[in-house]
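Me: I would like to go through a protein model with you, one part at a time. Could you begin with the backbone and then turn to the packing?

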Amino acid sequence: HSIAWWLKACAKHVSNDDSIFFILVQQVLRSAVVESSEQSTDTISAAINHPVGYVTEACLTWWYKQGLEDGQRLRSEIFLAFSLLIDPTVAAFRHGRLLLCAHVITLFRVDPEWTTLHILPLFDWADETQARAAWSGLLWSPRLYWPLLRAIKTPFLATASHYAALDDLKEQYVGLLTYAALEGNGAITQKEFATTFLVLPADALENAVLNVADAIESAADKREEYWENRAKPYFQKIWPKSQQLRTPNMAANFGRLIASCGEAFPDALALLNGWLQPTDHIDIAIHKLNESGLCERFPDEALTFLSLVVCSQPVWSARDMRDCLNKIMSCRPALTADLKYVRLDTSLRGSGH
């Protein structure tokens, strides 16, 4: 254990004469063979705190120092170490495989042949225990890299059916799946995405809506373009249409998304208004609406939005809501006679706002 920890600590400082470093790597990995019957949780935490994890991280650190290029293949020293770790008969080596899966994009770019043969099969849910560990590694710090997703498309989509097995990494999977569906490149069809999203439970889909909202907000001054080219097609062709998903939590998330669309606000509201309903969790959306200038630019749509999502007795969002109504009234005085405005105004006055 102490040798493994030392290897991890000094990996960044190994000199050009690295023979002793790899002799010790081989020694630690061979000693781990006696642990072949050990049982422990397959998590990132367990992997990085295990001697095999220490050694794997040490090897990865050394490897990254060498200056990597696409297609250059694994150097002999690192090839020998990694080839030991892929032995499925040694239980302790699963910690190393998990960490290799966390670096699968780099491995795939540097040595696609070796990675396709030895690492990508680990993501197949035919072996659920190994697949859970592999996906834990990849989802530790997920990135959208289409050549890899194309290569593991089947297990990637099948992971939706094993959502519960992802434990604390569920949100990372939903985020990766959602961004892949938004970006699209033909490697996975809209029909395949639609089928996959149908499998996900309600809490996963609630997170998916928040992921879309984040993506729209990240588009900054190109929000309208992002809505038109990415988010709108996603909701038209991929998003599940089940009425069972119309819950207060889902309404709150859709409210935040619609209020984040900038100039596309009227179009987003027209498409997604069926997902809205009065909810106690709408405060963030109303605050965004108030800060966005949408009430001034689109007073009719802003009033419709508020009438759809505001409960009879708003509490936390009352100040923002009053600001919104004042802005709507200032820009379109005639709307003060609208029943939607009257209801909201009366509700606010009843609560002292």
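**Backbone, helices and rings**

Reply: Asp-167 is found in the loop between helix 11 (153–158) and helix 12. Helices here are DSSP runs of H or I with at least four residues, strands are runs of E with at least two, and both are numbered from the N terminus. This is a predicted model, in which local features need pLDDT of at least 70 and side-chain atom pairs count only at pLDDT 80 or more, while totals for chains, interfaces and linings use all residues. Residues are numbered from 1 along each chain as its sequence is written, and side-chain values use heavy atoms, with hydrogens and water left out.

Me: What is the phi of Asp-167?

Reply: Phi of Asp-167 is near 55°, a positive value in a residue other than glycine. Most residues other than glycine have a negative phi.

Me: And what about Arg-73, where does it lie?

Reply: Arg-73 lies in the loop between helix 4 (51–65) and helix 5 (76–85). Arg-73 is not a glycine, yet has a positive phi of about 70°. Its relative accessibility is 45%, so Arg-73 counts as partly exposed (buried means under 20% relative accessible area, exposed over 50%, and partly exposed in between, with a 1.4 Å probe and protein chains only).

Me: Now the helices. At what angle do helix 18 and helix 20 cross?

Reply: Helix 18 (residues 283–292) and helix 20 (residues 299–309) cross at roughly 165°, and their axes come within 11 Å. Axes are lines fitted to C-alpha atoms, for helices over the stretch in contact, and angles run from 0 to 180 degrees between N-to-C directions. Helix 18 and helix 20 are therefore roughly antiparallel to each other. Angles under 35 degrees count as roughly parallel, over 145 as roughly antiparallel, 65 to 115 as roughly perpendicular and the rest as oblique.

Me: Which residues meet there?

Reply: Ala-285, Ile-286 and Leu-289 in helix 18 meet Ala-302, Phe-305 and Leu-306 in helix 20, where contact means heavy atoms within 4.5 Å. By class, the contact of helix 18 with helix 20 has six nonpolar, no polar and no charged residues. Ala, Val, Leu, Ile, Met, Phe, Trp, Tyr, Cys and Pro count as nonpolar, Asp, Glu, Lys and Arg as charged, and the others, Gly among them, as polar.

Me: Is Ala-285 buried or exposed?

Reply: Ala-285 has 2% relative accessibility, so this residue counts as buried. Leaving aside neighbours within four places in sequence, Ala-285 is in contact with Gly-255, Arg-256, Ala-259 and Phe-305. The C-alpha atoms of Ala-285 and Ser-260 are separated by 8.1 Å, although the two are 25 residues apart along the chain.

Me: How do helix 12 and helix 15 cross?

Reply: The axes of helix 12 (residues 170–183) and helix 15 (residues 223–237) come within 8 Å and cross at roughly 120°. The two helices are therefore oblique to each other. On the helix 12 side, Thr-178, Ala-181, Leu-182 and Glu-183 meet Tyr-226, Arg-230, Ala-231 and Tyr-234 in helix 15. That contact divides into five nonpolar, one polar and two charged residues.

Me: What does Ala-231 touch?

Reply: Not counting residues up to four places away in sequence, Ala-231 touches Leu-182, Val-212, Ile-216 and Tyr-226. Ala-231 is buried, with a relative accessible area of 0%.

Me: Let us change topic. How many aromatic pairs does the structure hold?

Reply: The structure holds 17 aromatic pairs. Rings of Phe, Tyr and Trp (its six-membered ring) pair if their centres lie within 6.5 Å; planes under 30 degrees apart count as stacked, over 60 as edge-to-face and the rest as tilted. Trp-239 and Phe-254 form an edge-to-face pair, at 5.7 Å centre to centre and 85° between the planes. Trp-239 lies in the loop between helix 15 and helix 16 (248–259) and Phe-254 in helix 16, so the pair ties together parts that are 15 residues apart in sequence.

Me: How is the pair of Phe-254 and Trp-275 arranged?

Reply: Phe-254 and Trp-275 are stacked, at 5.3 Å centre to centre and 15° between the planes. Both Phe-254 and Trp-275 are buried.

Me: Which residues do ring pairs link into a cluster?

Reply: The cluster contains Phe-197, Trp-227, Tyr-234, Phe-235, Trp-239, Phe-254 and Trp-275.
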